[in-house]
Amino acid sequence: MTGLHNGRDVFEYALLKVVPRVERGEMINAGVVVYCHARRFVEARTHLDEARLLALDPTTDVAGVRAALCAVEGVCEGGERAGQAAGEDAGRRFRWLMAPRSTIVQPGPVHTGLTADPAAEVERLLELLVR
C-alpha cells in the first residue's frame, strides 16, 4: 500500500553510531536502519571502518562491535536471528532498536523522508552517511 505522495511512502531512518569511549563523546557512523510502515519494511546495513574506530580508541573490542552491528541486522531480518524480537512486527523491531542505550553501539536520532523503494534507500543512506 503506497501513500498519497506520488507513489512514495514515508520512511524513518537512524544512523548507528559507535561510541568507543562515552566520556570522550567521539563517535563514528557505522550503519543505518530504515523503517517504512506502509511496506512493513525494516532493514539495517552496516559498514565498520576499523581504522577510524581504532584511531578513536586503539583498545576498542572490534570483534564485539562487529557482533553488536550484526545483531542489529539480525533483529531487522526477523526470524531466528532476531532473538527475543523474532515475533514482533517491523515497527516494533525498529522502535526497540531505536531505544536509547548506553552501549558502544548506539542509535542516532530518527529522521523521516519519502521513498518509492525503501531497500534502495538503505543503500543510498549507507553510502551518503557512513561509507
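The structure holds 2 aromatic pairs, where rings of Phe, Tyr and Trp (its six-membered ring) pair if their centres lie within 6.5 Å. The model is predicted, with local features requiring pLDDT of at least 70 and side-chain atom pairs counting only at pLDDT 80 or more, while totals for chains, interfaces and linings use all residues. Residues are numbered from 1 along each chain as its sequence is written, and side-chain values use heavy atoms, leaving out hydrogens and water.

**Aromatic pair**
- Tyr35 and Phe94 form a stacked pair, 5.2 Å centre to centre with 20 degrees between the planes; planes under 30 degrees apart count as stacked, over 60 as edge-to-face and the rest as tilted.
- This pair links distant parts of the chain, as Tyr35 lies in strand S2 and Phe94 in helix H3 (residues 90-98), 59 residues apart.
- Tyr35 and Phe94 are both buried (under 20% relative accessible area, 1.4 Å probe, protein chains only).

**Helices H2 and H3**
- Helix H2 (residues 62-77) packs with H3 at an angle of about 155 degrees, their axes 9 Å apart.
- That angle makes H2 roughly antiparallel to H3 (over 145 degrees).
- Val72, Val75, Cys76 and Glu77 of H2 make the contact with Arg93, Trp96 and Leu97 of H3 (heavy atoms within 4.5 Å).

**Helix H4**
- Pro118, Glu121, Val122, Leu125 and Leu126 are buried in H4.
- These residues lie on the same side of H4, because they cover an arc of only 135 degrees around the axis, taken from the directions from the helix axis to the C-beta atoms.
- Strands S1 (9-18), S2 (28-36), S3 (41-46) and S5 (111-115) are among what covers the buried residues of H4.

Technical notes: Buried means under 20% relative accessible area, exposed over 50%, partly exposed in between (1.4 Å probe, protein chains only). Helices (H or I, at least four residues) and strands (E, at least two) are DSSP runs, numbered from the N terminus. Axes are lines fitted to C-alpha atoms, for helices over the stretch in contact, and angles run from 0 to 180 degrees between N-to-C directions. Angles under 35 degrees count as roughly parallel, over 145 as roughly antiparallel, 65 to 115 as roughly perpendicular and the rest as oblique.
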